[in-house]
Protein chains: 2
Amino acid sequence: MCEANAYLIENDGKSGKPGETLLMEAVDKVEPDEEGILLVSIFGEQKFIKGHIHSLSLVDHKIYIKLKP
Amino acid sequence: MCEANAYLIENDGKSGKPGETLLMEAVDKVEPDEEGILLVSIFGEQKFIKGHIHSLSLVDHKIYIKLKP
């Protein structure tokens, strides 16, 4: 299975304090819209995050999300 | 390996002619910015697409991209 974990990036690292917080494990579907991002896990769990996709690193199973300013 | 294939969605299906075109296979990194999306494959190949992420279906290994209007 190739689900990924979604992390909130709290700081882009430019000021020297990067940080990531796990939002959801085993994410299957990701559906961005104008308000934010709907995450759906392989178990059917859903979370809506008011943010945007910062980047994906699929081989590492990681989805990075930043909150909207 | 959990890379995915990136597809261009040419029509959202609402008008009855959905279609998807393969943009890149074996995508590892996806980095959206204001202008578009940088795709990087597991082989290091790079493509920049003037679009946004429509959705991800990771268990199916699919990244759906729509062109900017």
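This is a predicted model: local features need pLDDT of at least 70, side-chain atom pairs count only at pLDDT 80 or more; totals for chains, interfaces and linings use all residues.
Close-up 1. The side chain of A:Lys62 meets that of A:Glu20 in a salt bridge, with 3.6 Å from N to O. The two partners come from distant parts of the chain: A:Lys62 belongs to strand E6 (residues 62-67) of chain A, while A:Glu20 belongs to strand E2 (residues 19-32), and 42 residues separate them. A:Glu20 is partly exposed too, with a relative accessible area of 41%.

**Close-up 2. A:Lys29 reaches across to B:Asp60.** Here you can look at a salt bridge between A:Lys29 and B:Asp60, whose closest N and O atoms are 4.0 Å apart. This pair crosses between chains: A:Lys29 lies in strand E2 of chain A, and B:Asp60 lies in the loop between strand E5 (51-57) and strand E6 (62-67) of chain B. A:Lys29 has a relative accessible area of 29%, so it is partly exposed. B:Asp60, at 47% relative accessibility, also counts as partly exposed.

**Close-up 3. B:Lys29 pairs with A:Asp60.** Now find the salt bridge that B:Lys29 forms with A:Asp60, where the closest N and O atoms are 3.9 Å apart. B:Lys29 is partly exposed, with a relative accessible area of 29%, and A:Asp60 is partly exposed at 47%. Over all chains, the structure holds four salt bridges.

Key:
Residues are numbered from 1 along each chain as its sequence is written. Chains are lettered from A and ligands numbered from 1 in the order in which they are written. Side-chain values use heavy atoms; hydrogens and water are left out. Helices (H or I, at least four residues) and strands (E, at least two) are DSSP runs, numbered from the N terminus. Buried means under 20% relative accessible area, exposed over 50%, partly exposed in between (1.4 Å probe, protein chains only).
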